[in-house]
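Trainee: Before we look at any single residue, could you show me how to read the features of a model such as this one?

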Amino acid sequence: MVVGCFRITTRKARELRVSIDLTRCAGYGNCVDAAEAVFEMSDVDDIAVVLLAEPGPDLWESVRKAARVCPANAIVIDEADE
Ligand code: SF4
C-alpha cells in the first residue's frame, strides 16, 4: 500500500513596509480609520502621511485593511517572505 506524504507549509511575511503614493492620495482618510497607529492626516495638505513605515506584526492586518479600503489605491505595501 502506498501512503502519500506531503507537507503543508504556510508562507509568512517577516517584514512589512508601507508607504503612500502621494500622486494618488485624495485625502479620504479611510486609512486613518483602519490603522490610526500607522497613518494620520497631514495638517498642511489634505493627504495622509505614514507614521510607521515599518509597523510591527501586530499592526499588519490593520495596514492591509487600510490598503483594501483606500478608494484611490494609494497605499503601497511591500512584504518580504521568509
Ligand atoms: S485612504 Fe487612501 S486616499 Fe484616503 S487618505 Fe488614506 S491613502 Fe489617501
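Mentor: Let us begin with contacts: two residues are in contact if their C-beta atoms, placed from the backbone, lie within 7 Å. In the protein chain, residues 24 or more positions apart account for 65% of the contacts with a separation of 6 or more. This is a predicted model, in which local features need pLDDT of at least 70 and side-chain atom pairs count only at pLDDT 80 or more, while totals for chains, interfaces and linings use all residues. Residues are numbered from 1 along each chain as its sequence is written.

Trainee: Which pattern does the protein chain follow along the sequence?

Mentor: Helices (H or I, at least four residues) and strands (E, at least two) are DSSP runs, numbered from the N terminus. Here the protein chain has 2 helices and 4 strands, and the pattern along the sequence is β-α-β-β-α-β.

Trainee: Is Phe 39 buried or exposed?

Mentor: A residue is buried if 20 or more other C-beta atoms lie within 10 Å of its own, exposed if 12 or fewer, and partly exposed in between, with the C-beta atoms placed from the backbone. Phe 39 counts as buried because it has 25 C-beta neighbours inside 10 Å, and it is found in strand β2 (residues 39-41). Leaving aside neighbours within four places in sequence, Phe 39 is in contact with Cys 31, Val 32, Ala 48, Val 50, Leu 51 and Ala 66; the C-alpha atoms of Phe 39 and Leu 51, 12 residues apart along the chain, are separated by 5.4 Å.

Trainee: How many residues does the largest nonpolar core have?

Mentor: A nonpolar core is a set of buried Ala, Val, Leu, Ile, Met, Phe, Trp, Tyr and Cys residues joined through C-beta atoms within 7 Å. The largest one has 14 residues, and those with the most contacts inside it include Cys 31, Phe 39 and Ala 66. The elements that give two or more residues to this core are β1 (13-20), α1 (30-34) and α2 (60-69).

Trainee: What phi does Asn 73 have?

Mentor: Most residues other than glycine have a negative phi. Asn 73, in the loop between α2 and β4, has a positive phi of about 50° although it is not a glycine. Asn 73 counts as exposed, because 11 C-beta neighbours lie inside 10 Å.

Trainee: Where does Asp 78 lie, and is Asp 78 buried or exposed?

Mentor: Asp 78 lies in strand β4 (residues 75-81) and is exposed, with 12 other C-beta atoms within 10 Å.
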